[in-house]
Amino acid sequence: SVKYFDEGQDAIRNLVRNTCQYLSSGYSALVMADRATVHCYSHPTQPIAEPARLQESLVNGFHEHMAFRKEVVVHNGGRRYRELLNGVECKLLGCPVFDENNDVVGTLFLANDATAAPFTSSDRKLLQVMAHKASRIIQANYDALTGMMTRNGFEYHLETGLYIVRY
């Protein structure tokens with residue numbers, strides 16, 4: 001059962017990386033603030049400026065905004081989301097990740113440098129597909145009623161913690 005959860009975590013990491021690569025973006029992240037989890041990937045050949053500051057703004061403000069709106073956000077420049085981005089100059093595409101009760105459990109983000117081409121409607125559609133895949137992975141590893149990890153998740157984290165303490 002530990003292996004099952006571990007495979008789920010690997011699936012999430014791979015999904016975040018693949019989303020970034022498929023859409024030729026500089027940065028991607030899956031933020032699950034309620035679970036204190038962020039999976040991110042920076043594209044090695046298309047880096048964005050200030051990825052740490054961007055991640056902080058995604059976790060501390062933008063995710064809540066997305067959870068409230070429950071819809072895709074496309075930011076191709078301008079002032080509309082500048083405050084939520086803490087002044088980080090970038091183009092951003094964000095899509096909420098839903099659980100089976102239609103509650104937002106996370107947000108999948110893509111970011112590009114401010115000088116990159118704008119995000120398109122096909123980018124938005126592909127991100128929605130990837131967010132749906134993320135939803136399926138999360139549903140397999142977290143209980144919908146309590147939001148807590150399933151037994152598989154708990155055993156995985158326990159085993160990982162014990163390994164760190166021992167070695």
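Predicted model: local features only at pLDDT ≥ 70, side-chain atom pairs only at ≥ 80, totals over all residues.

Reader: How is the protein built along its sequence?

Author: The order of elements is α-β-β-α-β-β-β-α-α. In total there are 4 helices and 5 strands.

Reader: Why is N18 called buried?

Author: The relative accessible area of N18 is 19%. Buried means under 20%, so N18 counts as buried. N18 belongs to helix α1, which covers residues 2-22.

Reader: What makes the pair N18 and R17 a polar contact?

Author: The side chains of N18 and R17 are joined at 3.4 Å, and the cut-off is within 3.5 Å. Residues adjacent in sequence count only if both atoms are side-chain atoms. The contact between N18 and R17 is one between side chains, therefore the term applies.

Reader: What share of the protein counts as buried?

Author: Of its 167 residues, 43% are buried. As for the surface, the protein exposes about 9,100 Å², and carbon and sulfur atoms supply 52% of that area.

Reader: How many disulfides are there, and by what cut-off?

Author: The count is 0. A disulfide needs a pair of cysteine sulfur atoms within 2.5 Å.

Reader: Are C40 and C95 buried or partly exposed?

Author: C40 has a relative accessible area of 39%. That value lies between 20% and 50%, so C40 is called partly exposed. C95 has 4%, which is under 20%, so C95 is called buried.

Reader: What makes D10 and R13 a salt bridge?

Author: The closest N and O atoms of D10 and R13 are 2.5 Å apart. The rule asks for a side-chain nitrogen of Lys or Arg within 4 Å of a carboxyl oxygen of Asp or Glu, so the pair D10 and R13 qualifies.

Reader: Why are D10 and R13 separated by about one helical turn?

Author: Because D10 and R13 are 3 residues apart in helix α1. D10 is partly exposed at 32% relative accessibility, and R13 is partly exposed at 37%.

Reader: How many salt bridges does a search of the whole structure find?

Author: The search finds 4. Among them is the pair R53 and E50, with the closest N and O atoms 2.4 Å apart. Another is formed by E71 and R69, at 2.2 Å. Both distances are within 4 Å, so both pairs meet the rule.

Reader: Why are the residues of these two pairs called partly exposed?

Author: R53 has a relative accessible area of 32% and E50 has 37%. For E71 the value is 38%, and for R69 it is 24%. Each value lies between 20% and 50%, so the term partly exposed applies to each residue.

Reader: Which residues make the nonpolar surface patch of about 280 Å²?

Author: The patch is made by Y22, L126 and V129. L126 is located in helix α3, residues 121-141.

Reader: What share of the contacts with a separation of 6 or more comes from residues 24 or more positions apart?

Author: Such residues account for 58% of those contacts.

Notes:
Residues numbered from 1 in each chain as written. Heavy atoms only, no water. Helix = DSSP H or I, 4+ residues; strand = E, 2+ residues; numbered from the N terminus. Buried < 20%, exposed > 50% of the residue type's maximum accessible area, 1.4 Å probe, protein only. Polar contact = N/O pair within 3.5 Å; in protein donor to acceptor, adjacent residues only side chain to side chain. Contact = heavy atoms within 4.5 Å. Areas by Shrake-Rupley, 256 points an atom, 1.4 Å probe, with all protein chains shown as cover. Patch = residues over 30% accessible without salt bridge, like charges linked within 9 Å, V, L, I, M, F, W, Y side chains within 5 Å.
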